[in-house]
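The following note was prepared for a colleague who wishes to review the structure shown here. Please read the points alongside the sequence and the coordinates.

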Amino acid sequence: MDVDAPRPAEPGLIDRFGRQAIDLRVSLTDRCNLRCTYCMPAEGLPWLPNSDVLTDDEVIRLVRIAVERLGVREVRFTGGEPLIRPGLTKIVTEVALLEPRPTTSLTTNGIGLEKTAAALRDAGLDRVNVSLDTLDEDRFATLTRRRRLPDVLAGLRAAADAGLTPVKINTVLMRGVNDDEAPALLAFALEHGYQLRFIEQMPLDAQHGWDRATMVTAEEILRDLQAAFTLLPDPVARGGAPAETWLVDGHTAVGGGPARVGVIGTVTRPFCGDCDRTRLTADGQVRACLFATEESDLRAALRGGADDEELARRWRVAMWGKRAGHGIDDPSFLQPVRPMSAIGG
Ligand code: SAM
Ligand code: SF4
C-alpha cells in the first residue's frame, strides 16, 4: 500500500486504505439531559455556544452534499442527545426527501421518545437505537445521574409501536456497576423484540477515567451470555457493521427469523479495516474517525461562502487522510480532545 499516493479523482469518500465512507453520523447537539458516568462529568461540560452550532438549514445542506455528491447512503443522527434539538423533525423530513433516499436512523437515550416516535416515523425516520445499560432503577440513577428509567422504557415501547424497527438497544457494561446484567438485558430484549448490542467502553469520556485494565471485554460479555443462552454463529455477513452478531438459539425476532445479539468490540476486536463511516460534529467539523485528532472545518468554509462542490472537495480531502486504525493499543495513543458527547457517538 502506497500511503503517499495522490488521491484519485473519485467522487466518493475514499481513503488511502481502500475504504469508502457511505455511513454519515451527524451530531445535532453536544448537550444532553443525562450524565452517563462513562460519557461526561456530573456537572456537564462547557457546551458549544449556539452561534457555533450549525443551523438546521446548514445541517441539511451538508447532508445533501454528502448524499448527492459523496455517495453517502446512511444518515444517523446522534449527539449529545439529538431528541433535545428543536429542529430534529424538520431535519429528518428534509433528509428523507433526498435522492437517492438515504436510510435514516437516530441514536438516543430514549427520553422524550415516547412523545416523538410517531412524528419522527412520519417525518421519514427509519430506525432508532436506544441506549439502555441497566434495568434496575437505582443503578440507572447511579449510571446516568438521573432517575429516568421509566421514560427510556416508554420510549422503547413507543419506537416499536411506531414501527421504527428493528429497535436496537446499545448497552455499555461497567465493572462493578452493571457487569452482571448481560443475560438479564438479553432476556428483556428478546421478550420485547428489541435487538441488543453491547459496546465495549471506549476512552472517550470527558473525565479521562477510562482504564483498559478494568474495561469489560467482548470476550467476558460473550462468556456471560453463553452461560445463559446458546449463541450460534450468524450466517449473515457483517459487512461494514461494527457489531459482531450471534443468533440466539430457540428465540425468534419480531416479524420472524432468528433473534440476534451483537457485541461491538471496538477496543479488543477492532473493525477499522472495514469502517465505512464519516462524521459531522454539531459545529460543522468533519472527522474521519471517532478517535481522530484532526478535524476539517466545513462550517467556516460554508459560512465563508463556499459552494457545494468546494465543500464536497474539502470533505473528500478530510476522508482521504483517514488513518488505518484507532491505535488505542499503540503506546503513542492520545485520547481525542473532544469527548464522545461532542463528537457524536
Ligand atoms: N445521547 C445518545 C445516547 O446516549 O444514545 C446519543 C449519543 S451517545 C454519545 C451514543 C452512544 O455512545 C450511546 O450508546 C452511549 O452509550 C455510547 N457511549 C458514550 N460514551 C461511551 C464510551 N466512553 N464508551 C462506549 N460507548 C459510549
Ligand atoms: Fe448523554 Fe448519551 Fe452521553 Fe449518556 S451517553 S451522557 S445519554 S450523550
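This is a predicted model: local features need pLDDT of at least 70, side-chain atom pairs count only at pLDDT 80 or more; totals for chains, interfaces and linings use all residues.

1. Overall sheet. The model contains an open sheet of 12 strands with mixed pairing, in the order E9-E10-E11-E8-E7-E6-E5-E4-E3-E12-E13-E14. Strand E9 (231-233) and strand E14 (296-297) stand at its edges; each has a single partner strand, so one side of each is left without a neighbour in the sheet.

2. Strand E3. Residues 23-27 form strand E3, and 5 of the 5 are buried, so the strand is largely enclosed by the rest of the structure. The side chains divide between two directions: Asp23, Arg25 and Ser27 point one way, while Leu24 and Val26 point the other way, and all are buried.

3. Pairing of E3, E4 and E5. E3 and E4 run parallel and are joined by 5 bridges, with Asp23 standing opposite Glu74 in E4. Strand E4 (residues 74-78) also pairs with E5, again in the parallel sense, over 4 bridges. Within that pairing, Val75 has Thr104 of E5 as its bridge partner.

4. Strands E7 and E8. These two strands run parallel and are joined by 5 bridges; Ile169 stands opposite Leu196 in E8. Of the 5 residues of strand E8 (residues 195-199), 4 are buried, so this strand is largely enclosed by the rest of the structure.

5. Thr171. Leaving aside residues up to four places away in sequence, Thr171 touches Leu132, Asp133, Leu185, Leu196, Arg197, Phe198 and Ile199. Leu196 and Ile199, among these contacts, fall within the range 195-199 of strand E8.

6. Val172. This residue also lies in strand E7, and with 10% relative accessibility Val172 counts as buried. Its contacts, again without residues up to four places away in sequence, are Tyr38, Asp133, Asn178, Ile199 and Gln201. Val172 and Ile264 are separated by 92 residues in sequence, and their C-alpha atoms are 9.8 Å apart in space.

7. Ligand 1: polar distances and cover. A nitrogen atom of ligand 1 is 3.0 Å from a polar backbone atom of Tyr38, and a nitrogen atom of the ligand is 3.0 Å from a polar backbone atom of Gly80. For Glu81, a polar side-chain atom lies 3.1 Å from a nitrogen atom of ligand 1. On its own, ligand 1 has 530 Å² of accessible area, of which the protein covers 96%.

8. Ligand 2. The residues around this ligand are Cys32, Leu34, Cys36, Cys39, Met40, Gly80 and Asn109. By class they divide into 5 nonpolar, 2 polar and no charged residues.

Conventions:
Residues are numbered from 1 along each chain as its sequence is written. Chains are lettered from A and ligands numbered from 1 in the order in which they are written. Side-chain values use heavy atoms; hydrogens and water are left out. A polar contact is a pair of N or O atoms within 3.5 Å; within protein, one must be able to donate a hydrogen and the other to accept it, and residues adjacent in sequence count only if both atoms are side-chain atoms. Accessible areas come from the Shrake-Rupley method with a 1.4 Å probe; for residues, only the protein chains shown count as cover. Contact means heavy atoms within 4.5 Å. Buried means under 20% relative accessible area, exposed over 50%, partly exposed in between (1.4 Å probe, protein chains only). Two strands pair if DSSP finds at least two bridges between them. A residue is near a molecule or strand if one of its heavy atoms lies within 4 Å of it. Ala, Val, Leu, Ile, Met, Phe, Trp, Tyr, Cys and Pro count as nonpolar, Asp, Glu, Lys and Arg as charged, and the others, Gly among them, as polar.
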